[in-house]
Amino acid sequence: MAKGTARSRRSRSRELLAQALYQAQLTGQDGPELKSQFSERQEFARVDQEWFLEMLKGALAHREDHEADIANYADRPLDQLDPVEVAVLLVGLEELK
């Protein structure tokens, strides 16, 4: 697999992961529900599936810790952040972890 292709798959994985974490915030769905739903999506074939599933599991497991970090460092309270912003930050924090 070419380097550019791997990056594109990872980039698409991040986008899909942000969508899944956004959905988790709005619906309260858990990991197995999200895994099932997102793995059935057409675009799932074009992502780094192993990475996506690992990051989804980790981001949900560490969500409280990540949200505490966001609240600690953000310029406004967590409840004033848009769910899209929170989802993107959760992706970034889990990836850094």
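**Close-up views of a predicted model**

**View 1. Glu95 and Arg14 form a salt bridge, with 2.7 Å between the closest N and O atoms.** A salt bridge here is a side-chain nitrogen of Lys or Arg within 4 Å of a carboxyl oxygen of Asp or Glu. Because Glu95 belongs to helix 5 and Arg14 to helix 1, the pair ties together parts that are 81 residues apart in sequence. Helices are DSSP runs (H or I, at least four residues), numbered from the N terminus. Glu95 is partly exposed at 32% relative accessibility, and Arg14 is partly exposed at 31%. Buried stands for under 20% relative accessible area, exposed for over 50%, and partly exposed for values in between (1.4 Å probe, protein chains only). The model is predicted: local features need pLDDT of at least 70 and side-chain atom pairs count only at pLDDT 80 or more, while totals for chains, interfaces and linings use all residues. Residues are numbered from 1 along each chain as its sequence is written, and side-chain values use heavy atoms, with hydrogens and water left out.

**View 2. Arg76 and Glu85 form a salt bridge within a network.** The closest N and O atoms of Arg76 and Glu85 are 3.0 Å apart. Salt bridges with shared partners join Asp75, Arg76 and Glu85 into one network. Arg76 has a relative accessible area of 30% and is partly exposed; Glu85, at 34%, is partly exposed. The count of salt bridges comes to 6.

**View 3. Glu43 pairs with Arg41 in a salt bridge.** Their closest N and O atoms lie 2.6 Å apart. Glu43 is partly exposed, with a relative accessible area of 22%, and Arg41 is partly exposed, with 27%.

**View 4. Ring pairs link Phe38, Phe44 and Phe52 into a cluster.** Rings of Phe, Tyr and Trp (its six-membered ring) pair if their centres lie within 6.5 Å; planes under 30 degrees apart count as stacked, over 60 as edge-to-face and the rest as tilted. The count comes to 2 aromatic pairs. Phe38 and Phe52 make a tilted pair, because their ring centres are 6.3 Å apart and their planes stand at 35°. This pair links distant parts of the chain, with Phe38 in helix 2 and Phe52 in helix 3, 14 residues apart. Phe44 and Phe52 form an edge-to-face pair, 5.6 Å centre to centre and with 80° between the planes. Phe38 is buried, Phe44 is buried at 6% relative accessibility, and Phe52 is buried at 0%.

**View 5. Helix 3 covers residues 49-61.** Its 13 residues reach 18 Å from the first C-alpha to the last, close to the 18 Å expected at 1.5 Å a residue. The expected span is 1.5 Å times one less than the number of residues. Buried residues in helix 3 are Trp51, Phe52, Met55, Leu56, Gly58 and Ala59.

**View 6. Asp48 lies in the loop between helix 2 (31-39) and helix 3.** Asp48 is partly exposed, with a relative accessible area of 22%. Leaving aside neighbours within four places in sequence, Asp48 is in contact (heavy atoms within 4.5 Å) with Arg9, Arg10 and Ser13. Asp48 and Arg12, 36 residues apart in sequence, have their C-alpha atoms 7.9 Å apart.

Notes:
Helices (H or I, at least four residues) and strands (E, at least two) are DSSP runs, numbered from the N terminus.
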